[in-house]
Amino acid sequence: MTDARDEIFARIRAALKPLEARTTLPTFDASVAIARHAQAMPDLVAAFTQALEAVHGRAFRDPTALAAWLRTKEATLGYVDPEVLAALGPAFATELTLETSFSRARVDEYHFGITRAAGAIAESGTIILDDRSTPVRLAALAPWIHIAVVPRSRIHACIPDAISALGDDANIIWCTGPSKTADVEGILIEGVHGPGEQVALIVDG
Amino acid sequence: MSAPSSSVSVAASPARRVQLMSTCLCDAFFDDVARATVEVLEHLGCTVEFPGRQTCCGQPAFNAGDWPAARTVLRHAVDVFAGEAPVVIPSASCAAMLSHGAQILFENEPDAVAVKQLGTRAWELTDFIVRGLGVTSWPGRFAGRVAFHRSCHSRGSGTGDAVSALLRSVSGLEFVDFDEAEQCCGFGGTFSVAFASISTAMGTLKLDNLLAAKPDVIVSTDMSCLLHLRGLAERQGRPLRALHVAQVLRDALASSDALASSDALASSKVGR
Amino acid sequence: MKREPIDQFAAEQSDERRTSVRLGSKAGHEKRTQVLHEDYADVDLLRKLAGQIKQHTLEHLDSYLEKAEEELRARGVKVHFALDAEAACQSVLDILQARGAKRLVKTKTMVSEEIELLPFLERHGVECFETDLGEFIVQLDADRPSHIVKPILHKNRREIARTFEQKGLGTYDDTPEVITRRAREFLRRKYLEADVGLSGANFVSAESGRLVLVTNEGNSRFCLAAPRCHIAVVGIEKLVPDDRSLSLFLNLLARSATGQRLSVYTEFICGARSPDAPDGPEEMHVIFLDNGRTEVLGTEYREILRCLRCGACLNVCPVYRQASGHAYRSVYPGPVGAVLSPLLAGKRFLELADLPKASTLCGACVEVCPVDIPIPDLLVRLRNRGKQEGAPSGATPSLGGFAKLASMPTAWKAALGMGKLVNHMPRAVQPGPLRAWQGERDLPAWRGGAFRSWFRKRGKKA
């Protein structure tokens, strides 16, 4: 193993040795890659909502409305991270069954999973998950409906901001809308291996 | 694929002496295109020289990967076109060969500098007119719907914009758009015979798109593209008028009606 | 009439297949172009910037690779190096065997096809499943992908439905939603039963060691959530200098590949799960792969290593659209493949020396490449290399005679005159290339010498 490593590095150095002039790393303003529509976003919550809806996600600010929507979807059994129960309010569980521990054995029984988001990105409508905020990875992935609780103060304006804030979590996932594919004749299908509905519940904090 | 730098200040030269590289295709098939090029340049006040020992720009051999052969041809061209005058060419692909391809071909050669010098003097015709001489509009009249097929080798050069500017300024000329304009016509030199099936399919698709726009004439800066497109169109029994941009500009000067002007490839069919 | 292999393949293809590929590619190109111009005033500026960053990284690859390795090791990731395909496959197998692992699920990664990993693992008793929908269908069919990003561009729903029925995934139903749902249900079981999740990486940030995975279906997330071990096989050219540059690359990649602003899932992975987390791998391995890349790095073709595998060049290429991916007989098809595949073939270069010829050098690929790779220049260099190494000319006419003529003005002028004979020759006895030309096209009348005599007669020096 060490031999292969040394060999590869030796090969790289030998390959680059004859190169006289080397390309320097260009300096650039990270904002050069910010999309036009995101150049000015005075209201990040509104911008985030709009961008999330543009990728067929949904945003709610009122847990009651969210609960009502779940009922219209006949999504009555779900996992909830116990840390967000307070934000959902006591009325949320009306006509819904909430479990605060996720059972891998019953993974296909959950209609929805509610987990904490680490943040969000207004430019793209992205929900940021990581192991610290969503240690139960399957809860955010397996059920048809994933609801991420997004504290409004953690909505980044744009992608470069979110990159600067990546932090040291070993598993960070940017979710931009529901899972999808166009592999079959280029036809868009939502809900492949991951959720078919990507929801954000925006809360204070 | 850059055109000569503006350090070659052509406009400043009082006699506007230029050398004409007619291209091997015009030498063999399209004398009227070369003629029109001369007439257009003389109209603009240029004195046109035609070095008689000229042959080819070396592109066919270069593209085919036969670089020793390509270098032989190009060295001959460097010798034939010696001097300081701009070399004006009614072909974007030949101009690109001299200004770009030749640099790759000669990168490790002792005479790279001389080859580069020729490259900085090489101009496709319309690019020369617009960026070299500063002429951005064209007098006269050319009535008809024109579909401009921008040849691939003019990518990254001033040619596309130059043709567009000049033709749109001609009275009576209606510039029409068509689909998939960025798609190659399928000529590609030896590709046209080595990959005949794909070449034909590409050309047929291009014809479909061009003809759907109902042009009166198809115009290009490259006879290679027109040779291929017109050849396919004739074989497929689809009428297609094709002109080189030099012919359009010349005809506009003569203010002749577009539909009555000579078709670039009007000819008896070759072979049985 | 003799044809080059890629042309032969294109000619023999069914109209249905050709149409699927052509229209699918065209749609991909149009989406890419629309979203890029909608979002950015100067797309070329971004492409060139990204190209320079990649070029810089490649030209300093030893220090960046070393930094990435350091970062990953500091986070407990086991880092391996594989010289070639065989070594990489063996590395993967060793990890599996050390864990007694028998079941593997993999997310989309071209590198695994390059090294032919799945057949190798299956020969050694490991049950493997592709989880990207397109790749899963390819696996069921024992077929090969025909596009870097859209593996089943060449298939229609009826073909897929028949395959599903044959493989016991339900009675014939070609509704795309049903096909997708069946794959979801089938593969979910496989994720949950798998011992190992295998991935590649789109980028590796040297600064943080982060592997970046760009996907849409959720399969990558599942491969990293359900099994207990994660193995990533990554080409050494995937390095980028830092996290900051990722904002540029991520914006360009998704738009170039599928016309999306961002893919649905962008994962930044630099370690196994934390000890008290219930889901995720307890162990993470990264295998950095050479397999010919260092050889390319030492040549004038090194720019091809910038490639992000977005597929934009395939989508715009008129030759790819007519031929389809399988015509290239390689893991990497299209314009990028025409350069990369012969190069990665190493000693077997000559077997793929015809690939660089399958191009008119139109340059449409350069205009869409998010890292500004000068593909036509590389193709023409490879044609030179092919000729020098004695590649058979195939159906390509030799131009040696023409070139000789073109350096001898007197002979040239004589040929111009004599060429008129062609106007009267039956096609069958004309020179080869002219005959071949007229298979599909008419030739105009030969008029050699006409311009020269006109010019002379005007009294100018000729």
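A:Val150 stands opposite A:Ile202 in β12(A), and that pairing is a handy way into this predicted model. Local features here need pLDDT of at least 70 and side-chain atom pairs count only at pLDDT 80 or more, while totals for chains, interfaces and linings use all residues. Residues are numbered from 1 along each chain as its sequence is written, with chains lettered from A and ligands numbered from 1 in the order in which they are written.

**The sheet in chain A**

- Strand β7 (residues 145–151) and strand β12 (residues 197–203) of chain A run parallel and are joined by seven bridges. Strands are DSSP runs of E, at least two residues, and helices are runs of H or I, at least four residues, numbered from the N terminus.
- Both strands sit in an open sheet of six, ordered β1-β12-β7-β4-β2-β3 (chain A), with parallel pairing; strands pair if DSSP finds at least two bridges between them.
- At the edges you'll find β1 (58–60) and β3 (97–99) of chain A, each with a single partner strand, so one side of each has no neighbour in the sheet.
- On average, neighbouring strands of this sheet are turned by 25° against each other, direction ignored.
- Helix α2 (residues 44–54) of chain A lies across β1 and β12 of chain A, running at about 145° to β1(A). Angles run from 0 to 180 degrees between N-to-C directions, and axes are lines fitted to C-alpha atoms, for helices over the stretch in contact.

**Where chain A meets chain C**

- In this interface, 57 residues of chain A are in contact with 72 residues of chain C; contact means that the C-beta atoms, placed from the backbone, lie within 7 Å.
- On the chain A side, the elements giving two or more residues are α1 (2–16), α5 (159–164), β9 (171–175) and β10 (180–181). The largest share, 11 residues, comes from α1(A).
- That side of chain A divides into 34 nonpolar, 12 polar and 11 charged residues. Nonpolar covers Ala, Val, Leu, Ile, Met, Phe, Trp, Tyr, Cys and Pro, charged covers Asp, Glu, Lys and Arg, and the others, Gly among them, are polar.
- β9(A) is joined by five bridges to strand β9 (residues 265–269) of chain C, and the two run antiparallel. Here A:Cys175 has C:Tyr265 as its bridge partner.

**Domains and a helix in chain C**

- Helix α12 (residues 244–258) of chain C is mostly covered, with 14 of its 15 residues buried; buried means 20 or more other C-beta atoms within 10 Å of a residue's own.
- C:Gly259 follows α12(C) and has a positive phi, near 75°.

**Chain B and its helix α2**

- Chain B is assigned domain 1 (17–131) and domain 2 (136–259), with C-alpha centres 21 Å apart. Each of these domains gives 25 residues to the contact.
- α2(B) gives the most to the domain 1 side, with seven residues.
- α2(B) also packs with helix α22 (residues 450–457) of chain C at an angle of about 35°, their axes 8 Å apart. The contact is made by B:Asp31, B:Ala34 and B:Arg35 together with C:Ala450, C:Phe451 and C:Trp454.

Conventions:
A residue is buried if 20 or more other C-beta atoms lie within 10 Å of its own, exposed if 12 or fewer, and partly exposed in between; C-beta atoms are placed from the backbone. Two residues are in contact if their C-beta atoms, placed from the backbone, lie within 7 Å. Domain bounds come from an automatic or database domain assignment.
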